[in-house]
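This briefing is meant to be read with the model open beside it, one topic at a time. Please look over the picture before going on to the points below.

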Number of protein chains: 2
Amino acid sequence: MNEKLERLKKWEFKRSAYDLLLSTAYFDDETIAPSGGREYRYERLAYMASESYKISTDHKIETLLDELKKEDLAFEERRTVELLIKDFQKIKAIPQDVYEEYTKLTLQSTAAWQKAKSTNDYSIFKPYLLKIIATLKKIALLREPEKDVYDTLLDDYEPFMTTARYDVFFDLIKKELLPLIAKIQKAKPITDDFLYKYYPKDRQEKLMTKLKEVLGFTSDWGYMGVSMHPFTSGFSKYDVRITTAYDEHNIASAIYSLVHEAGHAFYEHQMAERFDGTILKAVSSGMHESQSRLLENFIGRRRSFIKNFYPFLKELYADQLKDVTLDDFTRAVCVAKPSLIRTDADELTYPIHILIRYELEKGIFDGSIKVEDLDEVWSDMYYKYLGIRPDDMASGILQDIHWSQGSFGYFPTYALGSAISAQIMHKLEEDIDVDGELEKGNLKVLTDYLGEHIHQYGALFDLDDLLKKATGEEFDPHYYIDYLKDKYTKLYHLDEGR
Amino acid sequence: MNEKLERLKKWEFKRSAYDLLLSTAYFDDETIAPSGGREYRYERLAYMASESYKISTDHKIETLLDELKKEDLAFEERRTVELLIKDFQKIKAIPQDVYEEYTKLTLQSTAAWQKAKSTNDYSIFKPYLLKIIATLKKIALLREPEKDVYDTLLDDYEPFMTTARYDVFFDLIKKELLPLIAKIQKAKPITDDFLYKYYPKDRQEKLMTKLKEVLGFTSDWGYMGVSMHPFTSGFSKYDVRITTAYDEHNIASAIYSLVHEAGHAFYEHQMAERFDGTILKAVSSGMHESQSRLLENFIGRRRSFIKNFYPFLKELYADQLKDVTLDDFTRAVCVAKPSLIRTDADELTYPIHILIRYELEKGIFDGSIKVEDLDEVWSDMYYKYLGIRPDDMASGILQDIHWSQGSFGYFPTYALGSAISAQIMHKLEEDIDVDGELEKGNLKVLTDYLGEHIHQYGALFDLDDLLKKATGEEFDPHYYIDYLKDKYTKLYHLDEGR
């Protein structure tokens, strides 16, 4: 191998070692670490993040990359160099002290958010949120002085998308889905009250064990913990961490949190092993969310999938699910109804939750929304689009962890991911008899397919190239719209004469 | 503050940041990390350990310490400088590549040990064990070319002790305890068969929750995980991690593992907060084990302590403990009987398990034992002292994790710790009505006492000085011998005419 590439590899290894230890510490912090040790921990985590930052901004490597760029490299190496150069440009614009301060801020802010959410007190979190927004603005302008702040942030999560493209996408969602949601509100309701009975946690834990088995999420490469907000962290191909969260008054919550995170987990697990510890592991959030949303909704909410664990679930909760058939349960987890909590939202109203966050974020950074009043604007926006208002802060502005971690620009990728997954699923259904396989318990056929057509490539291709490769077409949101219209028209019998 | 001390503080902070991340990763590895990710993880952990090694051996700090040594420092600062100089001398003798290799070796070796133990196959672990012994010899001779290897190793865990001192100590144990054990074998046996019925794990988990409550081990500063071999890791005053291990055929196992580790945990938690991240947190193993053994045996096996959780235990396992009274249970967890597993051994035969390991380790390093045959020598030694032989490797040479981690010289501190705890307990009983407080559920009075007289001081004093401070006397193993003779003579009615 080229001596320069050797040097690059050594540097990547070093960086991946710091990354692994930081990821481990973050996972630990979110799942099990005693709250009392936070101050001690966060000071040291921030310091180690700055050590890692020093490595990531090593001038010698920047020079090396510039040299490598001019060489005749193979496809994979060229892509690596390009992605690293982009990363360098992004990170080197931030002075180290700003970076260290910002890391500490996001850690403290996440802790403040947790406390604020559990006590339903926005005032604990608000000062941190405002500081994060101000710091992000500053950083974005340091990075790209000529660009709109929000476009700079969007690029971090999905380089394919811009405010202009998202505007078109969300306009389509507004135009097509809002009328459908309104129609359903007038249709005959589907019974789902049994989902919200009391489901004790200890038995939900057993259900998770069963579900992991159904999904093929095994302990030799995966671990599931519990955190306030479910997430996935891929340490390496054979070490993928996910979390779930239990709601004793909503049995669907932990189920679909797990299935969603398992979608992310398979992505991490099925990438080529040689990408471990390299920038080629850094798949865009848009693509990543497409795989979690695909497993959660397009597979997870099918009768043929639910059939694999429903008898076990019924045994665990015989009283709660008395007289509830597999069909009843399947329909219930698809009920479309305006609601306040994004992660528990049904497939149809889900993109509206994202639309709201998109408009909020856009407004925050173009100055049209006064951040001082963000909680009220949040509430107004829910009323405008879904006709409901949060009754407390925990169901309003405090519900998501993202902003506390500085993840502005992430939310839109959830809706985008859903749309991408519809397009991929359309192709998958042409190639595989999905229900047939699920009826036989062969989820592996589907995850293998995704591994082969999507996951293995990691960040080798941009979203549009990968989509063309996997589906033969450019990104087309109409698959998503058509899928939702078709599914919900049938589910609520909207076509039938009244 | 002195500018030099300022610089030292900054360096200590940096070192503590690396330590924290490494400890977190080790804890993660021992408790939850997927086995598949080991290779990726261990390569990076070894690298990060070598990064941390670089900081620990920073020449500039060594010079600084030499300068500080000549200054007129307050007691605490002088002690810090002395301990750090000792640490420097120890670590700088090891070349960085040897250190990195050794770190990787112990990680791989621990994984090999886990596999070997769970499959009962010594051949998986043996090559690692031999390599660790050879490397340790090499390192010890690099560090102290003039000193006996085993003395160098013993010093790492308890500077107060040497082979000469341990020889005297273990001779006393042999002389006094072996005849007592032999006598008990001929006495009327105490019923303890109910301890070894089938105790399903899920209910043991509930028992752990109750026990943590009784002990005052709370989630704001402590976390309990599960690992193959129970251990404690103190990250900071308000972040102390312990683990337990479940044996479904021995209800006493998890109980006394937890109580033992809680003893360590209180030590870590009750040290002065200003010691966090400093060398003053590095208490010797001899002192540390005194606190775990004290809680486990001198408190944990008392009727008045067991009373606090026994009704709950009986409720959990009504069938298994039918007709078993609190008195029956208390007597059963004190039964003295030669056995194969150290961690499950009773108080009286326990030091014999340690004696065996001490003689093995001494023999390994003075060359009188052929390491090639270590498993057989192990078996012979158990036969010589306890009259029994392991029936498999998992109950023989594979039972403990220590050697796989390179911890040779640690074992003797368990017996030493037990002897120290007897001396401390003797004083404590003069000052406090132990049973009276325990009957009222006031364990806190006792842990507070230990906090005040022992824990708060961290590594400020050597073992002998701290003992003098806490009990008014030098180390005297007769308290230990007298306690055991008295307890077991009464328990087995050895004084009564036959």
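Predicted model: local features only at pLDDT ≥ 70, side-chain atom pairs only at ≥ 80, totals over all residues.

**Chain A as a whole**
- A compact globule of 498 residues would have a radius of gyration near 23 Å, and the value for chain A is 23 Å, which agrees.
- The C-alpha trace of chain A extends over about 70 × 50 × 45 Å when it is followed along its principal axes.
- Of the 498 residues in chain A, 59% are buried.
- If one takes the contacts in chain A between residues at least 6 apart in sequence, 75% of them join residues that are at least 24 apart.

**How the two chains are related**
- In general, two copies of a chain are related by a rotation about an axis together with a shift along it.
- Here, chain A is superposed on chain B by a rotation of 180° with 0.0 Å of shift along the axis, and the RMSD is 0.0 Å, which is the relation of a two-fold axis.
- Within chain A, the C-alpha nearest this axis belongs to A:L21, at 3.0 Å from it.
- Both copies use the same surface, since 100% of the contact residues of chain A recur in chain B.

**Two helices in chain B**
- The axes of helix α8 (residues 163-186) and helix α21 (residues 478-491), both of chain B, come within 11 Å and cross at roughly 5°.
- Angles under 35 degrees count as roughly parallel, and α8(B) is therefore roughly parallel to α21(B).
- On the side of α8(B), the residues in contact include B:L172, B:I173 and B:E176, while those of α21(B) include B:H478, B:Y480 and B:K485.
- Sorted by class, the contact between α8(B) and α21(B) has nine nonpolar, two polar and two charged residues.

**One residue, A:S236**
- A:S236 is found in strand β2 of chain A, which covers residues 232-236.
- Is A:S236 buried or exposed? With a relative accessible area of 2%, A:S236 is buried, because buried means under 20%.
- Apart from its neighbours within four places in sequence, A:S236 is in contact with A:D276 and A:K281 of chain A, and with B:G37 and B:Y40 of chain B.

How values were computed: Residues numbered from 1 in each chain as written. Chains lettered and ligands numbered in written order. Heavy atoms only, no water. Least-squares fit on C-alpha atoms with pLDDT ≥ 70 in both. Contact = heavy atoms within 4.5 Å. Axes fitted to C-alpha atoms, helices over the stretch in contact; angles between N-to-C directions. Helix = DSSP H or I, 4+ residues; strand = E, 2+ residues; numbered from the N terminus. Parallel < 35°, antiparallel > 145°, perpendicular 65-115°, else oblique. Nonpolar A, V, L, I, M, F, W, Y, C, P; charged D, E, K, R; others polar. Rg over C-alpha atoms; globule rule 2.2 N^0.38 Å. Buried < 20%, exposed > 50% of the residue type's maximum accessible area, 1.4 Å probe, protein only.
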